Amino acid sequence: MQTQKNKITGTPERLIDITAEEYELTYTQLTGKSRYREYITARYTAMYLIRNYFKDFTLLKIGSLFSYRDHSSIHHALKVYNEWDELDMIDYNKVSNIIAKFEDESYAENPVTFSKSYKFLNLLG
């Protein structure tokens, strides 16, 4: 008999909310159109985490959560976020706090595996 694995029960909206809290922004500031650096950093972090937690979400669907941005905007955000990671420009403490809180609220028996081995994931294990 094959056992069914638990899945993440959290929502992308909750992940955005947790990210906004961690960066001390409102949900609207994080998902809005503003290009303030603080907003962009939080927004790109949320987009990256949503892309990795919700593998079935298309770039267009992720964009719909962020003031209906198109797929190319999300693709650009993910590319920039990966560049920041390679240059150690990410606040790994904030990201690990977001991940920990999200997983505490919606823990899966088998946590999400990310597409790359990012440094901040080592902080959790």
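# Close-up views of the chain

**View 1. Loop residue Glu-24.** At a relative accessibility of 72%, Glu-24 counts as exposed, because the cut-off for that class is over 50%. The model shown here, as in every view below, is predicted. Glu-24 belongs to the loop that runs between helix 1 (12-22) and helix 2 (27-31). Its phi is positive, about 60°, although Glu-24 is not a glycine.

**View 2. Loop residue Asp-88.** Asp-88 is placed in the loop between helix 5 and helix 6. Here too the residue is not a glycine, and the phi of Asp-88 is positive, near 55°. With a relative accessible area of 48%, Asp-88 is partly exposed.

**View 3. Tyr-68 and Gly-32.** Tyr-68 sits in the loop joining helix 4 (59-65) to helix 5 (71-86). Its relative accessibility is 69%, so Tyr-68 counts as exposed. Along the chain, Tyr-68 and Gly-32 are 36 residues apart, and 9.3 Å separates their C-alpha atoms.

**View 4. Helix 6, residues 92-105.** The helix has 14 residues, which at 1.5 Å a residue should span 20 Å; the C-alpha atoms at its ends are 20 Å apart, in agreement with that value. Buried residues of helix 6 are Tyr-92, Val-95, Ser-96, Ile-98, Ile-99, Phe-102 and Glu-103. Viewed down the helix axis, the buried residues of helix 6 fall within an arc of 155°, so they line one face. Asn-93 and Asp-104, on the other side of helix 6, are exposed.

**View 5. Stacked pair Tyr-44 and Trp-84.** Seven aromatic pairs are found in a search of the whole structure. One of them is formed by Tyr-44 and Trp-84; this pair is stacked, with 5.6 Å from centre to centre and 25° between the planes. Tyr-44 is in helix 3 (residues 37-53) and Trp-84 is in helix 5, so this pair links distant parts of the chain, 40 residues apart. Tyr-44 is buried, its relative accessible area being 14%. Trp-84 counts as buried at a relative accessibility of 14%.

**View 6. Edge-to-face pair Tyr-53 and Phe-102.** The rings of Tyr-53 and Phe-102 form an edge-to-face aromatic pair, with 5.0 Å between centres and 70° between planes. Tyr-53 is in helix 3 and Phe-102 is in helix 6, so the pair ties together parts of the chain 49 residues apart in sequence. Tyr-53 counts as buried at 7% relative accessibility. For Phe-102 the relative accessibility is 1%, and this residue also counts as buried.

**View 7. Aromatic cluster.** Tyr-44, Tyr-48, Tyr-81 and Trp-84 are linked into a cluster by ring pairs.

**View 8. Lys-61 over Phe-57.** The charged end of Lys-61 sits over the ring of Phe-57. The distance from that charged end to the ring centre is 4.3 Å.

**View 9. The whole chain, for context.** The secondary structure of the protein chain comes to seven helices and zero strands. From the N terminus, the elements run α-α-α-α-α-α-α. The protein chain has 125 residues, of which 44% count as buried. Among contacts with a separation of 6 or more, 65% are between residues 24 or more positions apart. The accessible surface comes to about 7600 Å², and carbon and sulfur atoms account for 50% of it.

How values were computed
Residues are numbered from 1 along each chain as its sequence is written. This is a predicted model: local features need pLDDT of at least 70, side-chain atom pairs count only at pLDDT 80 or more; totals for chains, interfaces and linings use all residues. Side-chain values use heavy atoms; hydrogens and water are left out. Helices (H or I, at least four residues) and strands (E, at least two) are DSSP runs, numbered from the N terminus. The expected span of a helix is 1.5 Å times one less than its number of residues. Buried means under 20% relative accessible area, exposed over 50%, partly exposed in between (1.4 Å probe, protein chains only). The arc is that of the directions from the helix axis to the C-beta atoms. Contact means heavy atoms within 4.5 Å. Accessible areas come from the Shrake-Rupley method with a 1.4 Å probe; for residues, only the protein chains shown count as cover. Rings of Phe, Tyr and Trp (its six-membered ring) pair if their centres lie within 6.5 Å; planes under 30 degrees apart count as stacked, over 60 as edge-to-face and the rest as tilted. A charge sits over a ring if NZ of Lys or CZ of Arg is within 6 Å of the ring centre and within 35 degrees of the ring normal.
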